[in-house]
Amino acid sequence: MFLQTENLTKQFGEVQAVKSISLGIEGGEFVSIMGPSGSGKTTLLTLIGALDTPTSGEVFIDGEPLSGIKDVDAFRSRKVGFVFQFHNLIGYLTALENVEIPMHGLVSGAERRARAIDLLKVVGLGERLHHTPSQLSGGERQRVAVARALVNDPVLVLADEPTGELDSTTSMEVIQLMKKISKEKGTTFIVVTHDPEVAKKAERIIFLKDGTISRQEAVKSESVEDILALRNSAFGAQLINRKVTDPYMENLGVFKKGTLTKEGEALLSILEKAESVERD
Ligand SMILES: Nc1ncnc2c1ncn2[C@@H]1O[C@H](COP(=O)(O)OP(=O)(O)OP(=O)(O)O)[C@@H](O)[C@H]1O
Ligand SMILES: [Mg+2]
């Protein structure tokens with residue numbers, strides 16, 4: 001197990017923000033956390049990211065207790081990337097300069113620049129390197145924040161409502177970008193969100209309530225989701241009903257003279273299989 005919390009508890013005066021949470025997350029896993037306001041989501045992230053210390057309990061990364069780490073600043077800057085709702089970009093610096101900041105003191109100037117440019121290209125901002133935050137859209141700013149979180153090649157990215165201020169299309173773009181990076185680099189992501197559509201892009205959703213985990217939900221594979229969407233489309237309806245309503249289906253070779261072809265039958269059987277996978 002890459003990350004483990006053991007009876008993790010955080011008390012603020014009378015308030016128990018996090019109550020004895022024991023949670024395991026695999027390396028490379030993409031997890032989302034949902035829960036009502038005040039349920040302890042941000043507090044949990046700050047404890048995992050060593051931005052704050054627990055009242056009791058422990059966080060283990062690769063089996064090592066965080067409480068045993070001598071140089072917490074080095075742990076944070078080298079191992080963890082943070083993305084927050086109010087992205088915290090520095091207004092008078094360009095996108096490029098903002099992304100370079102976390103590398104100061106760790107890599108040389110030339111390499112800083114090269115890495116920042118590479119990452120800004122990865123997040124689709126290769127043409128916006130010298131724009132300041134006020135010259136960028138909300139989604140672009142959030143993508144700069146994602147790039148900034150990734151520059152030191154962290155093993156873990158903690159994102160607190162990274163799509164909180166974005167419209168649904170841009171939210172999807174930002175979350176898909178994070179998923180792509182997680183898959184390519186094997187980076188573990190923990191993403192707090194209020195948006196069920198964003199949460200569903202994770203492999204697992206953890207629900208918090210009153211500082212504890214109320215339930216967890218494994219999310220279906222994306223491919224199955226795609227097939228289910230196809231089943232619910234006009235295309236799927238014609239297959240399932242074995243009835244052509246769009247002549248283009250004949251051009252595609254799915255139907256011939258109004259009857260399903262062999263290929264059509266094969267497609268139909270896959271759509272039907274997806275339905276049974278869904279019920280698992
Ligand atoms: N520094 C603090 N001092 C005192 N109480 C705090 C502090 N930080 C959080 N709390 C309290 O702990 C509880 C959990 O807060 P937290 O910020 O973790 O919630 P959240 O789930 O992130 O909520 P939201 O969805 O509104 O961001 C809340 O009752 C909050 O008031
Ligand atoms: Mg919060």
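The shell around ligand 1 in this predicted model consists of Phe-12, Val-15, Ala-17, Gly-35, Ser-37, Gly-38, Ser-39, Gly-40, Lys-41, Thr-42 and Thr-43. A residue counts as near the ligand if its C-beta atom, placed from the backbone, lies within 6 Å. By class, three residues are nonpolar, seven polar and one charged; Ala, Val, Leu, Ile, Met, Phe, Trp, Tyr, Cys and Pro are nonpolar, Asp, Glu, Lys and Arg charged, and the others, Gly among them, polar. β2 (15-25) and α1 (41-48) each supply at least two shell residues. The largest share, three residues, comes from α1. Helices (H or I, at least four residues) and strands (E, at least two) are DSSP runs, numbered from the N terminus.

Six strands form an open, mixed sheet in the order β6-β7-β8-β3-β9-β10. Pairing requires at least two DSSP bridges between strands. β6 (80-84) and β10 (212-218) each have a single partner strand, so one side of each lacks a neighbour in the sheet. β9 (residues 204-209) pairs with β10 in the antiparallel sense over six bridges. Ile-206 stands opposite Gln-216 in β10.

α1 also packs on this sheet, touching β3 (30-34), β7 (156-160), β8 (188-192) and β9. Contact means C-beta atoms, placed from the backbone, within 7 Å. The direction of α1 makes about 155° with that of β8. Axes are lines fitted to C-alpha atoms, for helices over the stretch in contact, with angles from 0 to 180 degrees between N-to-C directions.

An automatic or database assignment gives domain 1 (3-219) and domain 2 (224-278). Their centres, taken over C-alpha atoms, are separated by 40 Å.

Residues are numbered from 1 along each chain as its sequence is written; chains are lettered from A and ligands numbered from 1 in the order written. Local features need pLDDT of at least 70 and side-chain atom pairs count only at pLDDT 80 or more, while totals for chains, interfaces and linings use all residues.

How values were computed: Contact = placed C-beta atoms within 7 Å.
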